[in-house]
Amino acid sequence: MTLRRPLLTTLSTLSHPPTPSLTLTRHLHHQIPLRPVPKPIPFIPDAPTFLTAIGRGLSAHSAKIPSWEALFSLSSAQLKELGIEPARTRKYLLAWRERYRNGEFGIGGDCKHVENGVAELKLITDAPVEPNPYTGMSPRSALATVTHDPGTRRVVVNVPAGAEEPIEGVEGLVGVKGVVVKGAKTIKGPYVEIVKGTGGMRARIRMQEGIWEIRRGHKVDGGERRKAEVRAKRRAAEAKEKAR
């Protein structure tokens, strides 16, 4: 019997084990150095707060992570040894670690003035509009409306607790991400609590369980693979019922 060349090549490969250099190359991905540990931000000062913010019950594992450095250094295998289960929970935690490293925060992550897990917000109605150095001020900004004077804009900023004005001044203010102004003078946004007696011009963002959580989707009609089959059977059953 004559063996074809591809099969002979395969058999010869199997009879000779891979060289140590090839084996080392295959395992190089386990030796890639970790990215630097990012610094805490005012809204997320420690590891337990981080786990509380990202939700999915990870706050129950706070005692298993000893420090901020450990939170961003432990591998998936080490997290498994610590008892963080199931695997999808570890994957979710690792994904959020990378998001945090990349500066992709949830609501309140860009607030610099946070006290006891609470960031206070204030609506500034007369923040000046900085004109474009090439085109000047846009016609919309230069136009007076019911809600603002010409050359001004409304912006929601983070202020220290009890402060009436931002300490950075009103020029060049950057608004809090994810927070908008609804109507004339009402602060709106996810997890935003309006301060009573302020007419909607002052609000708070309070740290709470799952404030940054990315919620899992849920299967409808059996998921993507069986969706067409399940719906076809349902339509057939409905048509049969109507024909009676």
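Analyst: Happy to! A term to start with: contact means heavy atoms within 4.5 Å. Please keep in mind that this is a predicted model.

User: Thanks! Leaving aside neighbours within four places in sequence, which residues is Trp212 in contact with?

Analyst: Neighbours within four places in sequence are set aside here. Trp212 also belongs to the largest nonpolar core, where it is listed with Ile44 and Phe50 among the residues that touch the most other members. Its contacts are Ile41, Phe43, Ile44, Ala53, Ile54, Tyr92, Trp96, Tyr100, Phe105, Gly106, Ile107 and Gly109.

User: Which element gives the largest share of this core?

Analyst: The core has 36 residues. Elements giving two or more residues to this core include α4 (68–71), α6 (87–101) and β2 (118–128). The largest share, 5 residues, comes from α3.

User: Which domains give at least three residues each to this core?

Analyst: Nonpolar side chains tend to be buried together in soluble globular proteins. Here the core draws at least three residues from each of two domains: domain 1 (47–102) and domain 2 (114–206).

User: Now for Asn158: is this residue buried or exposed?

Analyst: Asn158 sits in strand β3 (residues 152–159). Its relative accessible area is 9%, and buried means under 20%, so Asn158 counts as buried.

User: Which backbone nitrogen does the side chain of Asn158 reach at 2.7 Å?

Analyst: Contacts of Asn158 include Cys111, Lys112 and His113. A polar atom of the Asn158 side chain lies 3.0 Å from the backbone nitrogen of Lys112. At 2.7 Å, the side chain reaches the backbone nitrogen of His113.

Key: Residues numbered from 1 in each chain as written. Predicted model: local features only at pLDDT ≥ 70, side-chain atom pairs only at ≥ 80, totals over all residues. Heavy atoms only, no water. Helix = DSSP H or I, 4+ residues; strand = E, 2+ residues; numbered from the N terminus. Buried < 20%, exposed > 50% of the residue type's maximum accessible area, 1.4 Å probe, protein only. Polar contact = N/O pair within 3.5 Å; in protein donor to acceptor, adjacent residues only side chain to side chain. Core = buried A, V, L, I, M, F, W, Y, C linked by side-chain atoms within 4.5 Å. Domains from an automatic or database assignment.
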